[in-house]
Amino acid sequence: MPVISYKMRHNLFTSDIRVQAPIGVAKRDILLLSYTRYDNRSRVIAHGLKRCLPDAITTAAFQMSPCLPENCVMVPMPSHTGTATYTLQLANLMSEISGAKVLDCLKGTPRLTNYAAKRSGHSLRLTDFGFYLSDDLPEDKVVCLIDNCIDHGATAFAAANVIGRCVVLSYAMTGVLIV
């Protein structure tokens, strides 16, 4: 397994970033790729991404960038606010590393977080995300949605219903896809 050495600003996560082959699952017209499985170590980075911690964004960007498909345009996944937040920061750094372009064109309606919905005892439906495109997607590029974690896949599949055929690249993925 190759190692990319990169000194973290605060050494919160690691000073050596390990690059591994992505984990992949194909369903419907989308390919779900993930740098790693969701476990105690990846959970720290995935939660750091949600909190926009610079070291988490840097770690994830260097680990995820080699997993990008060739000839892709990255589209950051919107958060529960309806706009891309930490995923936009992540995609922008991945763009600096890989040279792939970022197109922040997927928007949604404000909603409960996936976590809050689970805690209240119901899952979000595909229509709850309210995803739409604010700009045209290039036809000559592979669309690669960027997210921090794929749990059940509801967010990924809701986005794919709007975008069509695409790749979803996340930092971590659980083994429990239900859609």
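The model is predicted, so local features need pLDDT of at least 70 and side-chain atom pairs pLDDT 80 or more, while totals for chains, interfaces and linings use all residues. Residues are numbered from 1 along each chain as its sequence is written, and side-chain values use heavy atoms, without hydrogens or water.

**Stop 1: helix α1.** Select residues 40–50. Helices are DSSP runs of H or I, at least four residues; strands are runs of E, at least two; both are numbered from the N terminus. Ser42, Ile45, Ala46, Gly48 and Leu49 are buried (under 20% relative accessible area; exposed is over 50%, partly exposed in between; 1.4 Å probe, protein chains only). Look down the axis of α1: the buried residues fall within an arc of 160°, so they line one face of the helix. That arc is taken from the directions from the helix axis to the C-beta atoms. On the other side, Asn40 and Lys50 are exposed.

Stop 2: At the start of α1, pick Asp39: a side-chain oxygen reaches to within 3.1 Å of the backbone nitrogen of Arg41. Just after α1, Cys52 takes a positive phi of about 60°.

**Stop 3: Tyr86.** Move to helix α3 and select Tyr86. Tyr86 is buried, at 7% relative accessible area. Leaving aside neighbours within four places in sequence, Tyr86 is in contact (heavy atoms within 4.5 Å) with Leu49, Lys50, Cys52, Asp147 and Asn148. Lys50 is 36 residues away along the chain, with 6.1 Å between the C-alpha atoms of Tyr86 and Lys50.

Definitions and conventions: Polar contact = N/O pair within 3.5 Å; in protein donor to acceptor, adjacent residues only side chain to side chain.
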